[in-house]
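Visitor: I've got a model open here and would like to talk it through. Shall we take it one question at a time?

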Amino acid sequence: MAYRIDDQQHPQPAANGVHVMGSEVGKASTSDDPGIWTVVLASSAGTIIEWYDFYLYGSLAIFFSTLFYPANEPTAAVLISVATFATGFLVRPLGAILFGSLGDRLGRKHTFLLTLVLMGVSTALIGLLPTFETAGYFAPVTLVLLRLIQGLAIGGEYGGAAIYVAEHAPPNRRGFFTSFIQTTATVGFFVAIVVVLACRLSLGDAAFKEWGWRIPFLLSFLLVFLSIYLRLKLSESPVFQKMRKEGSLARSPVKESFGEKKNLGFVVYALFGATAGLGCVWYTGQFYVLYFLQGVLKVDFLTANICLAVALVIGTPMIVVCGALSDRIGRKKLMVTGLFLAALLYLPIYMTITSAVAAQNFVLVTALIVAQLVFVAMVYGPNAAFLVEMFPPQLRYTSLSLPYHIGTGVFGGLMPLISLSLVAATGNIYAGLAYPIAVAAITAVVNLAFDPRRSKASLPEKATSVGFAE
C-alpha cells in the first residue's frame, strides 16, 4: 500500500471515501466537536509552559551575564551568556530522537508527560542556583547542565503535542487546529517576558537583581502541576490506539525513519526545505530583535521588552490565521512566501529600527517587530500540519521531531550567537542579518526546487493503514 500527498500538502481521500485521520478513528469530523477543543487546550497549555520554561533564560540572557559569569569582561560575558542559551538548542535533536522513538513505540501522551516533568524540574532548579559571586564556576557549569536537560525535554515536547492534536483534528481543518500548538512557543516567550517584567517592576532593580530573578523560575513548579493535571485527563491518540490494536507499531522508529532511503528523503526535505528557514525567521523576529535593541542599540531593558511584548500580543493571532489559511490555499505557498519576504526585507527593517531608536520612536519600533512576526506567522502557522502530513504514523514522532529540532534548535537557536558574533567581528551592526537572510532564502529555494512529494515515489511500504490515504 502507498500514500498520496498532493502538492498542497493535503492528503487525498482513499478510494472508499475514508479520509486521513478523520473517520479512521471513528470520530465525527466536525469543527464544533467539543472533544477537539479539549485536546487543543490541554496540549497547548502544557506546551506553553514548556516554552515558558525554556525561554525564561532567553529573556534574561543579557541580564544573566552579570550573575553567572565573571564581570571583568562584559562583552565576553554577554557572548558566553548567549552561548549558554544556545546549549539548550544543541541537544534538542538528541531529545527529538530519544523521545520521538518513545512516542512512536509507547505512545504520544505518556511521552510528552515525561518531557513536561523534566522541563519543570530543571527550570525550577535554575531558580535555586547560586550566582558566580557566591559559588564561582560551579554556578555557570550547573546552569549549562540544566540548560542541556531543558533542551532534551523540549526536543520531545513539540512533536508529541503537534502530532497529538493533528491525529484528533478533522482533515480539512488540520492546519487551523495545529496552529494553536504553533502559537505556544510565542505565547510561552510572551509569558516569560511578562512575568520577568512584572517581577522587576514590582520589586525594583536592586531586589530583582539580588533575588527577585528567581521567582519566574520557581513559578515553574506551580505551572507544571497545572499542566500535568490537564494532560492526565487526556486519553491516548486514536491513531496510536488503532496502530497498537492492529499490531502495526514500528519496532525500531529510529532505524526505519533514518535508515530507509525514501523516508530519509522526506526527513532531509523537511529540514532544508522547511524547518531551517523557519528557525531563523522565528528567532530573528523574536529573540535577535531583542538582543539587537539591547546589545547593539543600547535600548534599556524595560523599553526593549515592552516593545517586544506589545508586538507579540498583536502578532501571535496571525499564526492561527495563517494556519487556517493553509487549509484553503496550501501550506507551501504561505511558507515559501514568508521566507522570501523575510530574506528581502530584514535589512531595510533593521535599518529603520535603528533610525526609529535614534528618534525615540518606539511605536515604530514595535510596528517593525510586528512586521517580522507576519513572516513568522506565514512560515510557522502551517508548519505543524505540513510536517505531520509528510510522515506515516508509525514513524511520525521520530521522523518529524528530528528535522524540526535541528532546523529550529540548531539553525535557529544558534542564530543570535552567530549574528551577534558577526556584529562583534566586523563592527557592522547589520552584519548579523547575513545569516538569517541566507538561510531563509536557501530554504525557500530548496522547498520549491526539491520537493520529493512531486515524484511518484511513496513512503516505505510497511508504514501503512492509518494516518495516510491508502
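Visitor: In which helix is Thr284 found?

Guide: Bear in mind that this is a predicted model. With that said, Thr284 sits in helix 13.

Visitor: Is Thr284 buried or exposed?

Guide: The cut-off for buried is under 20% relative accessible area. Thr284 comes in at 0% relative accessibility, so it counts as buried.

Visitor: Which residues is Thr284 in contact with, leaving aside neighbours within four places in sequence?

Guide: One of them is Gln372, which also belongs to the helix 17 side of the contact with helix 13.

Visitor: How do helix 13 and helix 17 run, roughly parallel or roughly antiparallel?

Guide: Helix 13 covers residues 261–296 and helix 17 covers residues 362–380, and their axes lie 7 Å apart at an angle of about 160 degrees. Angles over 145 count as roughly antiparallel. That makes helix 13, relative to helix 17, roughly antiparallel.

Visitor: What is the average pLDDT of the protein chain?

Guide: 87% of the residues score at least 70. Across the protein chain, the average pLDDT is 83.

Visitor: Where is the pLDDT below 50?

Guide: One such stretch has 91 contacts in the model beyond near neighbours in sequence, and another has 59. The stretches to flag are residues 1–34 and residues 456–470.

How values were computed: Residues numbered from 1 in each chain as written. Predicted model: local features only at pLDDT ≥ 70, side-chain atom pairs only at ≥ 80, totals over all residues. Heavy atoms only, no water. pLDDT = per-residue confidence, 0-100. Contact = heavy atoms within 4.5 Å. Axes fitted to C-alpha atoms, helices over the stretch in contact; angles between N-to-C directions. Helix = DSSP H or I, 4+ residues; strand = E, 2+ residues; numbered from the N terminus. Parallel < 35°, antiparallel > 145°, perpendicular 65-115°, else oblique. Buried < 20%, exposed > 50% of the residue type's maximum accessible area, 1.4 Å probe, protein only.
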